[in-house]
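Please view the sequence and structure below before reading on.

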Amino acid sequence: MNHTGPSPAKDLTGARRAWMGTLARARPEALAALLPLPLPDHHDLRAPETGTMMVQGRIGGSGAPFSLGEVTVTRATLHLADGTTGHALVQGRDRTHARHAALVDALMQTDAAERIRETVLTPLTEAEAARRQGRAAKAAATRVEFFTLVRGDDK
């Protein structure tokens, strides 16, 4: 079969990467408050478990990667009643956060995706943007401008 253009699987992967990142960075209490109630029927495929993961860094953001250290993470995998699988990996030890993120990941792969995007992901994305903007404004307020005075010729 000859297919031109981006594959649907690649499109989903990029979109899924974006919403999973949003869920992982979300404040746990904010995510919990936005979940649709009642929660859909689901069961753990892999109960939330905590472990560590090696984090890589790059000097100057573009140099060769190096091992920076380990970070604590919690992962979860669950099935909805219709068989849809959701995964999550969040920083820290919050098992409930990981389970909630996996639930939203699964729901985003169902017919409820647009409703979940509007009621859960959009508010989380906006909250994250506001936090970033607040940190940027706080950093800008501490910025110091240096200048050099040029002295006249010493003759």
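In helix α3, the buried residues are His97, Ala98, His100, Ala101, Ala102, Leu103, Val104, Asp105, Ala106 and Leu107. The model is a predicted one. Buried here means under 20% relative accessible area. Because ten of the 13 residues of α3 are buried, the helix is largely enclosed by the rest of the structure.

Helix α3 covers residues 95–107. From its first C-alpha to its last it reaches 18 Å, close to the 18 Å expected at 1.5 Å a residue. At the start of α3, the backbone nitrogen of Thr96 has a side-chain oxygen of Asp94 within 3.1 Å.

How many cavities of 30 Å³ or more does the count give? The count comes to one cavity. The largest cavity holds about 30 Å³ of space. Its lining is made up of Thr22, Arg25, Ala26, Arg27, Ala30, Leu124, Ala127, Glu128 and Arg131. The table sorts this lining by residue class.

| Class | Residues in the lining of the largest cavity |
|---|---|
| Nonpolar | four residues |
| Polar | one residue |

Helix α4 gives the most to the lining, with four residues.

Conventions. Residues are numbered from 1 along each chain as its sequence is written. This is a predicted model: local features need pLDDT of at least 70, side-chain atom pairs count only at pLDDT 80 or more; totals for chains, interfaces and linings use all residues. Side-chain values use heavy atoms; hydrogens and water are left out. On a 1 Å grid over the protein atoms alone, a cavity is a set of points where a 1.4 Å probe fits but cannot get out, and a pocket is an open set with protein on both sides within 12 Å along at least five of seven lines; lining residues have an atom within 4 Å of a point. Grid points are joined across faces, edges and corners, and a volume is the space filled by probe spheres set on the points. Helices (H or I, at least four residues) and strands (E, at least two) are DSSP runs, numbered from the N terminus. Ala, Val, Leu, Ile, Met, Phe, Trp, Tyr, Cys and Pro count as nonpolar, Asp, Glu, Lys and Arg as charged, and the others, Gly among them, as polar. The expected span of a helix is 1.5 Å times one less than its number of residues. Buried means under 20% relative accessible area, exposed over 50%, partly exposed in between (1.4 Å probe, protein chains only). A polar contact is a pair of N or O atoms within 3.5 Å; within protein, one must be able to donate a hydrogen and the other to accept it, and residues adjacent in sequence count only if both atoms are side-chain atoms.
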